[in-house]
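Work through the exercises below with the sequence and the model side by side. Try each task before reading its solution.

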Amino acid sequence: MAGILVSIGSLVAMALIDPLLLGLTLLVVVLAAVVVVGLGGRIQKLTLQAQTQVGLLAAGVARAIPGIRTIRAAGATSREIATLHAQANDAYGTGVRLAKVMALIAPIMGIAFQAAFILVLGIGGYRVASGAMTVANLVAFLLYLFMMIMPLGQVFSAYTAVQNALGAVIRIQEITDL
């Protein structure tokens, strides 16, 4: 809650200092948010897929261990091993894809926030040189930019964690429906 208030206060102060720089900053932040939201849907889908595949693997192992005598007597050992191996590979592959997508979130946020900083610094420096803005206002704007960015990073991180949890919740609901 405090982060939201700090972000709103920073936005208001930034709007009072220089609406043009605020608009450019918000453009970069919105672009990053669109990418993160797009990846969030993928995270939810991959989490659901990973949960399903791990469940199938666990069910296969739970079936094979008590029935090992029957499996060996029927000569199906190699088939069972191949099936469990394929399920383990599927679960592993999905887990790796999920980890790759989740690993993209932090760099995307970092690049977006650094791009906003560089954009503000460059255009703000130009505005200071042209006399449209004072150095003090540019420094204040940059400080407010950092105050706004920190809570936004936490919001993006929380969003991806929620998407990850929603994928697991959907799987739990599927199981309880069975």
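**Exercise 1: a salt bridge across the chain**

Asp 18 counts as buried, at 2% relative accessibility. Buried means under 20% relative accessible area, exposed over 50%, and partly exposed in between (1.4 Å probe, protein chains only). The model is predicted: local features need pLDDT of at least 70, side-chain atom pairs count only at pLDDT 80 or more, and totals for chains, interfaces and linings use all residues. Residues are numbered from 1 along each chain as its sequence is written, and side-chain values use heavy atoms, without hydrogens and water.

Task: find which residue forms a salt bridge with Asp 18.

Solution.
- Apply the criterion: a side-chain nitrogen of Lys or Arg within 4 Å of a carboxyl oxygen of Asp or Glu.
- The partner is Arg 127, with the closest N and O atoms 2.7 Å apart.
- Arg 127 lies in helix H4 and Asp 18 in the loop between H1 and H2, so the pair ties together parts 109 residues apart in sequence. Helices are DSSP runs (H or I, at least four residues), numbered from the N terminus.
- Arg 127 is partly exposed, at 21% relative accessible area.

**Exercise 2: the other salt bridges**

Task: the structure holds three salt bridges; locate the bridges of Glu 80 and Arg 171.

Solution.
- Glu 80 pairs with Arg 63, the closest N and O atoms being 2.6 Å apart.
- This pair links distant parts of the chain: Glu 80 is in helix H4 and Arg 63 in helix H2, 17 residues apart.
- Glu 80 counts as buried at 12% relative accessibility. Arg 63 counts as partly exposed at 47%.
- Arg 171 meets Glu 174 at 3.2 Å, N to O.
- Both lie in helix H5, three residues apart, about one turn of the helix.
- Arg 171 is buried at 16% relative accessible area, while Glu 174 is partly exposed at 35%.

**Exercise 3: aromatic pairs**

Task: classify the two aromatic pairs.

Solution.
- Use the cut-offs: ring centres of Phe, Tyr and Trp (its six-membered ring) within 6.5 Å; planes under 30 degrees apart are stacked, over 60 edge-to-face, the rest tilted.
- Phe 113 and Phe 156 have centres 6.4 Å apart and planes at 5°, so this pair is stacked.
- Phe 113 lies in helix H4 and Phe 156 in helix H5 (residues 135-177), so the pair ties together parts 43 residues apart in sequence.
- Both Phe 113 and Phe 156 are buried.
- Phe 117 and Phe 146 form a tilted pair: 5.4 Å centre to centre, 40° between planes.
- Phe 117 is in helix H4 and Phe 146 in helix H5, 29 residues apart.

Methods: Helix = DSSP H or I, 4+ residues; strand = E, 2+ residues; numbered from the N terminus.
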